[in-house]
Amino acid sequence: MSLSQQQMAQAREQAQRVPRMKGTFRWRNELVGFGFVLPFLIAYALFLLWPVLLGLRMSLYNWNLAGGGTSAFLGLGNYQELFADANFWSALWHTILFTVLSTPFLVILALALALLINRTIPAKWLFRLAFFAPFVLPVTVVVLIWQWLFTPGFGLINSTLTAIGLPTVNWLTDPHVAMISVVVVTIWWTVGVNFLLYLAGLQQIPQDMYEAAAIDGAGAWTQILRITIPLLGRITTLIVILQVIASLQVFSQIYLLTTGGPDFVTRPVIQYIYETGFSSYRVGFASAASYVLFVLILVVTAGQFTLLQRQQRRGA
Amino acid sequence: MATQSKSIERVVPARETISRDQMKRQFTNSGIFAILLMVTILWLIPLAWALDTALKPESETTIFPLTWLSSHFTLQAFASTLSTSDLPRWYFIVRVCGHVPGHYPATDRVPLRRVHLQAVL
């Protein structure tokens with residue numbers, strides 16, 4: 001054991017020695033490499049770093065879209081006002097509610113569908129097509145289709161309810177139902193991506209593990225619980241992290257479906273930011289709200305990564 | 001030792017056990033097929049309804065009680081959309097101009113959007 005480690009250390013030393021070149025040549029080599037990265041770096045600095053930093057600066061001023069940039073420095077005044085605003089907290093709550101309602105379905109349904117389809121059954125292409133097809137559509141088309149389905153009176157869903165003798169539901173205008181409708185539309189629209197990721201993950205699991213498990217007398221359920229789900233752990237973590245980030249950024253489908261209504265019960269925090277920024281022209285205040293959301297997403301993602309690392313350490 | 005002999009039995013099962021296992025697997029697979037088919041139909045209904053509505057004559061799209069069938073299916077909606085709106089032109093513009101810069105405001109990060117909008121303004 002110690003011998004092989006010694007050998008490895010020697011090999012590593014040798015590997016490090018090989019690319020060590022003469023001073024000027026190495027310097028020029030690095031310069032050429034930097035030149036190759038430069039076009040991207042310029043675009044990155046111009047369109048990402050600079051706006052992000054400008055946003056931070058804006059959040060400290062009474063910055064207005066209709067003029068009046070750096071004239072009035074507020075310090076943390078925007079943040080103080082934001083934390084005192086009940087509308088901000090309710091919008092943030094709607095975003096979190098949407099995330100909590102949508103993420104479990106989008107992960108578990110995707111996994112269930114992928115597990116079901118990963119067996120030897122006919123017409124696999126049809127199922128794959130059906131679950132992924134909605135994701136190809138742009139958000140406007142998705143919303144148009146669903147508004148048509150949700151229409152009170154002659155909409156397909158309410159007409160079907162009437163036909164089988166059930167009371168109709170005001171899917172988009174009932175404050176108790178509107179968020180559920182939004183979640184349903186989102187699941188229909190985006191479950192295909194997670195489904196596809198899970199399907200790819202399933203195909204990477206070597207078949208002989210199942211054969212070995214079958215020889216040891218493990219049934220189908222035991223195989224799923226003891227082989228499939230643990231081996232999909234990494235992809236599950238990836239899907240959950242991406243899904244939570246995407247759900248916390250929810251805006252377009254809600255804005256198009258309900259405009260945040262009825263009575264603001266579906267208004268997400270991005271819409272709050274959008275309205276303060278572009279309807280009230282208070283971009284400084286909106287920047288402050290953006291940074292609060294940014295920090296929230298950062299904290300949630302960092303927490304998930306910490307959990308993942310702890311999991312991996314336990315596994316190793 | 002007892003478990004070992006049991007596992008060997010499972011490796012080389014008798015002829016009847018194979019057929020029973022196969023029957024069981026076929027039964028499970030058809031159950032799974034049925035579940036998948038139901039979810040698939042549920043997933044395809046919105047798309048099918050949109051297509052169905054698109055192929056109906058305008059006056060029949062809002063009748064009640066509604067029906068999947070129509071007195072006559074027509075491509076009139078497609079024809080009028082393509083001839084009276086700027087859809088083809090906008091499609092072309094979006095394809096050519098909107099593709100690369102479109103990725104920036106497409107992210108929901110607000111600072112980026114704001115700058116993009118300022119640039120457009």
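The following paragraphs describe the interface between chain B and chain A, and then one serine of chain A. This is a predicted model, in which local features need pLDDT of at least 70 and side-chain atom pairs count only at pLDDT 80 or more, while totals for chains, interfaces and linings use all residues. Residues are numbered from 1 along each chain as its sequence is written, and side-chain values use heavy atoms, with hydrogens and water left out.

The contact (heavy atoms within 4.5 Å) draws 48 residues from chain A and 38 residues from chain B. Together the two chains bury about 3,800 Å², 77% of it on carbon and sulfur atoms, where buried area is the accessible area (1.4 Å probe) that two parts lose on being put together, summed over both. Between chain B and chain A, three residue pairs are in polar contact, both residues at pLDDT 80 or more; the term denotes a pair of N or O atoms within 3.5 Å, and within protein one must be able to donate a hydrogen and the other to accept it, with residues adjacent in sequence counting only if both atoms are side-chain atoms.

On the side of chain B that touches chain A, α1 (2-11), α2 (15-55) and α6 (110-120) each supply at least two residues, the helices being DSSP runs (H or I, at least four residues) numbered from the N terminus. The most comes from α2(B), with 18 residues.

Within chain A, A:S247 lies in helix α11 (residues 233-248). The side chains of A:S247 and A:S102 are joined by a polar contact of 3.3 Å.

Methods. Chains are lettered from A and ligands numbered from 1 in the order in which they are written.
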